[in-house]
Structure formats: C-alpha cells, structure tokens
Amino acid sequence: MSSSQQHIAENSDGCELPETLRRYYLETMGIQVWDDVDASVATQVEVAAKPPVELEAWKTLQQTVTACTLCELHQSRTQTVFGVGDHQADLLVIGEAPGRDEDVQGEPFVGRAGQLLNAMLLAIGLQRETVYIANILKCRPPNNRDPEASEIDSCNHYLRQQIELIQPKAIFAVGRIAAQALLHSTATIGSMRGKQHSYEGVPLIASYHPAYLLRKPSEKRKAWQDLLLVKNLLEQCP
Ligand code: SF4
C-alpha cells in the first residue's frame with residue numbers, strides 16, 4: 001500500500017483514530033457530517049511501487065534553489081522554501097508562495113493556513129507527511145503581494161523538476177495564483193474549481209487556498225467537494 005493511502009482511521013503510530021478525532025478534523029473544515037462517504041475505501045487501494053527516488057537529484061535541486069538569485073525576491077527572503085513531504089507521494093499540493101511564517105520556518109503551509117490544510121488532507125485520509133507540498137515560488141514576495149509573472153517564470157523550472165521527480169498521480173492546486181500559473185489561465189478560482197484539469201498529463205484539481213477559507217468559512221463546503229474529487233482521483237489512478 002502506498003504511504004499516501006494511509007487511512008484517516010490510523011494515526012502516525014498505526015493506531016486507530018478515534019471517531020471523535022476524525023469528526024474533529026471534519027469540523028475544523030466546517031463539515032459537520034460525513035456519513036455518505038465510505039472512508040474505508042482509501043485503505044483498500046493497492047498501488048504499484050514507484051521507481052527508487054533519485055536522492056542525488058533532489059539534493060542538487062534543493063541546493064540550487066537555496067542559492068538561487070534568478071529574481072529579485074532573493075534579496076528580501078529570510079530563506080528559500082523548497083517544499084516538504086514524501087518524494088514518492090501520490091498527491092502533490094501546490095500553493096502560491098511562502099508567507100511570513102513560511103519564510104521564517106523554511107517550510108510551506110505552516111501557521112493557521114497550514115493547520116487547516118492538514119485538516120483538509122486528513123479529512124480525505126491523508127496525513128501531511130504522506131503528500132508533497134510545494135509552492136509556485138520558493139521565496140516570499142514582500143508584504144505577501146501577488147507574485148509577478150516574471151517571478152513565476154523564473155521559478156517555474158524548479159517546480160517542474162519537482163513534479164518530474166515525484167511523478168504524482170494528482171495535483172491539488174490551492175488558490176487562484178497556483179491554479180492560474182499551472183493551467184496558464186486567467187480564469188477565477190471559482191470557475192476553475194469543481195472539475196478535473198490536467199497539468200502535462202497529471203490530473204489536477206483546483207480549489208480555494210486555506211488562507212482564503214479561514215477568511216471565508218462558508219466556502220469550506222466547496223473545498224470539501226474539491227477534496228472528494230482528489231480522493232476519487234487517487235483511488236482511480238493505478
Ligand atoms: S523566487 Fe524562485 S526564481 Fe526567485 S530567487 Fe527565489 S528561488 Fe530563485
């Protein structure tokens with residue numbers, strides 16, 4: 001069984017997750033009831049082992065990013081935020097760019113938005129460490145402004161290499177900036193979410209950014225629908 005197929009009913013020690021805790025994760029997402037979803041399905045999918053991870057390629061790529069000065073963002077960053085997670089993950093989560101907390105800690109999706117993302121993943125049976133999480137940009141834009149097109153162009157090949165190394169079964173793009181950059185679109189996130197797209201042959205689901213969901217909890221139910229699309233994709237892919 002793939003590591004990312006670990007079911008919500010198990011915690012990191014392999015022990016059963018109490019029903020109350022499972023419901024806590026769902027309630028954190030704003031989902032009160034999840035009785036119509038067979039949560040046991042995720043444990044039943046057997047997947048073929050992926051090729052050995054090219055550790056040297058990962059190491060070289062991370063060193064290159066750490067030293068990168070291709071765009072002006074290198075001048076204001078505390079550190080680069082390369083990405084985190086399982087190099088053989090079935091699911092790749094892609095956000096926009098590091099925020100203040102991420103810039104300080106060097107890890108994507110920390111702080112409240114990160115906690116909500118963790119809860120979202122757990123709600124479909126995935127623990128954070130079993131997916132890979134990265135951003136379009138590896139350095140924080142000053143004052144959390146939107147990334148500029150030139151910055152996305154400069155940084156794009158790093159994410160592309162990460163995708164080639166991971167070879168995920170599905171991509172979950174969170175937020176307008178990530179979805180637009182990956183899909184080469186100017187559409188709104190509201191029009192991109194709720195359906196399956198493709199990034200160079202990899203199925204992609206777009207949804208709202210957790211930071212947006214914190215500001216607008218009423219949209220969590222739509223995000224939940226998008227998560228179910230992700231879950232279905234992972235179950236369907238060989
Ligand atoms: S954002 Fe990307 S391209 Fe720009 S300096 Fe950072 S790593 Fe380099």
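**Notebook: a strand, its sheet and what packs on it**

I began with strand E2 (91-95): five of its five residues are buried, so E2 is largely enclosed by the rest of the structure. I call a residue buried if 20 or more other C-beta atoms lie within 10 Å of its own, exposed if 12 or fewer, and partly exposed in between, with C-beta atoms placed from the backbone. Helices (H or I, at least four residues) and strands (E, at least two) are DSSP runs, numbered from the N terminus.

Before going on, I noted the ground rules. This is a predicted model: local features need pLDDT of at least 70, side-chain atom pairs count only at pLDDT 80 or more, and totals for chains, interfaces and linings use all residues. Residues are numbered from 1 along each chain as its sequence is written.

**Entry 1**

I checked both faces of E2. Leu-91, Val-93 and Gly-95 are buried on one side. Leu-92 and Ile-94 are buried on the other.

Next I looked up the pairing; two strands pair if DSSP finds at least two bridges between them. E2 and E4 run parallel and are joined by four bridges. Val-93 stands opposite Phe-172 in E4. E2 also pairs with strand E3 (residues 132-135), again in the parallel sense, over four bridges. There, Ile-94 has Ala-134 of E3 as its bridge partner.

**Entry 1: the whole sheet**

The six strands form an open sheet, E1-E3-E2-E4-E6-E5, with mixed pairing. Which strands stand at the edges? They are strand E1 (84-85) and strand E5 (196-199); each has a single partner strand, so one side of each is left without a neighbour in the sheet.

E5 and E6 run antiparallel, with four bridges between them. I found Gln-196 opposite Ile-205 in E6. Tyr-199 has Val-202 of E6 as its bridge partner. The two strands form a hairpin with two residues between them. Glu-200 sits in that turn. Its phi is positive, about 50°, although Glu-200 is not a glycine. Is Glu-200 buried or exposed? Glu-200 is exposed, because its count is 10 other C-beta atoms within 10 Å.

**Entry 2: helix H6**

Helix H6 (residues 176-183) lies across E2, strand E4 (170-174), E5 and E6. H6 runs at about 130° to E4; axes are lines fitted to C-alpha atoms, for helices over the stretch in contact, and angles run from 0 to 180 degrees between N-to-C directions. Seven of the eight residues of H6 are buried. Among them are Arg-176, Gln-180 and Leu-182. The buried residues of H6 pack against E2, H5, E4, helix H7 (189-192), E5 and E6. His-184 follows H6, with a positive phi near 50°.

Two residues are in contact if their C-beta atoms, placed from the backbone, lie within 7 Å. Val-230 touches Leu-91, Ile-124, Ala-170, Phe-172 and Ile-205, not counting residues up to four places away in sequence.

**Entry 3: Tyr-208**

Tyr-208 is found in the loop between strand E6 (202-207) and helix H8 (210-215). Tyr-208 is buried, with 21 other C-beta atoms within 10 Å. Tyr-208 and Asp-226 are 18 residues apart in sequence and 9.0 Å apart in space, C-alpha to C-alpha.
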